Amino acid sequence: MTDRQQGDTADRLAQLRGGLSAVEQRIAAACAAAGRPRSEVTLVVVTKTYPASDTRLLASLGVREVAENRDQDAAPKAADCADLPLVWHFVGQVQTNKARSVVRYAHHVHSVDRPRLVSALSEAVLREGRAELGCLVQVAFDAGVGAGRAGVAPDQVPALADLIADTPGLRLDGVMTVAPLTGALAGRPAAAFAELAEISTAVRAAHPAATMVSAGMSGDLEQAIAAGATHVRVGTAVLGARSPLG
Ligand SMILES: *Cc1c(COP(=O)(O)O)cnc(C)c1O
């Protein structure tokens, strides 16, 4: 490494340390405000569009949970970081023809939203001979409203949760959502996260181990923690704004 490269790495490390510490303070404050122990909330750092070198620096700062949303980017990054003690979360839409690649590195897939994907992930897990894959049902509060988010409508969650729980190679871990941009809950993340919490309670009645509630990003992690999120997925507030093309 040249002196210049070493300087750039030190600058980036300082930026990431600053981002992490600011997010950590927000999470701690939100937990305190909600009367929840800090240990109930896991920060998952969304590293999408950023290089593997950033993932490596984050790991050196103690980050253990990272998320990606595109297999094309995530697969080489995970291979590059295979020596690090990281838990990989997949949070983007999964095309069924990418299932085999995703199950090679992902520990949890947060974006399970259709029966066809459940069977593709199951087949891939069994073919790869890997340990059970953790799956979350992605809930869309704007399903059916124009170009809504990926995910299933709230009333379809129980059936998809049961299917995952009954499918070999898969483990039902919980539920996930992204605050809706359209529909009745648009611009009301707190209301959407409260509904997710109710859905989680119903899912846990049938599947007590499905405790993960994945909600909240850079802009709304406080509302998510107030509503009971166990996993917040934060990118921009740790790594900086992504280029619009990312
Ligand atoms: C990008 C992304 C995030 C992180 O968003 P930020 O606003 O950058 O914190 C969280 N969840 C999903 C599903 C994402 O695609």
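This is a guided tour of a predicted model, moving from one selection to the next.

Residues are numbered from 1 along each chain as its sequence is written, and side-chain values use heavy atoms, with hydrogens and water left out. Because the model is predicted, local features need pLDDT of at least 70 and side-chain atom pairs count only at pLDDT 80 or more, while totals for chains, interfaces and linings use all residues.

**Stop 1: helix α1**

Begin by selecting residues 3-34, which form helix α1; helices here are DSSP runs of H or I with at least four residues, strands are runs of E with at least two, and both are numbered from the N terminus. An α-helix has 3.6 residues a turn, so residues three or four places apart point the same way. After the helix comes G35, which has a positive phi near 65°.

**Stop 2: the nonpolar core**

Now select I27, L121, L133, I164 and V232, which touch the most other members of the largest nonpolar core, a set of 68 residues. Such a core consists of buried Ala, Val, Leu, Ile, Met, Phe, Trp, Tyr and Cys residues joined through side-chain atoms within 4.5 Å. In soluble globular proteins, nonpolar side chains tend to be buried together. Centre the view on L121 and look for A99, V103, V112, L133, C135 and L170, which L121 touches when residues up to four places away in sequence are set aside; contact means heavy atoms within 4.5 Å.

**Stop 3: D173 in β6**

Moving to strand β6 (residues 170-177), select D173, which counts as buried because its relative accessible area is 6%.

**Stop 4**

Select K48 in the loop between β1 and α2. The UniProt record, an unreviewed entry, annotates K48 as "modified residue: N6-(pyridoxal phosphate)lysine"; UniProt positions are given in the numbering used here, feature names are shortened, and annotations may be inferred rather than shown by experiment. K48 is buried, at a relative accessible area of 18%, and its contacts beyond four places in sequence are A67, E68, N69, K77 and R242.

Then display the ligand, whose surrounding residues include V46, K48, M176, S218, G235 and R242; a residue is counted here if one of its heavy atoms lies within 4 Å of the molecule. An N or O atom in the side chain of K48 is 2.7 Å from an oxygen atom of the ligand, the corresponding distance for the side chain of S218 is 2.5 Å, and a polar side-chain atom of R242 lies 2.8 Å from a ligand oxygen.

**Stop 4: T49 and helix α2**

T49 is also in the loop between β1 and α2 and has a positive phi of about 75° although it is not a glycine. Most residues other than glycine have a negative phi. At 37% relative accessibility, T49 counts as partly exposed. Continue into α2, where the buried residues are A52, D54, T55, L57, L58 and A59, and the elements they pack against include α1, β2 (65-68), α3 (71-80) and β3 (87-90). Just after α2, G62 takes a positive phi of about 100°.

**Stop 5: D113**

Finish with D113, in the loop between β4 (108-112) and α5 (115-128), which counts as buried at 12% relative accessibility. The side chain of D113 makes a polar contact of 2.8 Å with that of R114, and beyond four places in sequence D113 touches Q93, A150, G151, V152 and L160.

Conventions. Expected span 1.5 Å × (residues − 1). Buried < 20%, exposed > 50% of the residue type's maximum accessible area, 1.4 Å probe, protein only. Polar contact = N/O pair within 3.5 Å; in protein donor to acceptor, adjacent residues only side chain to side chain.
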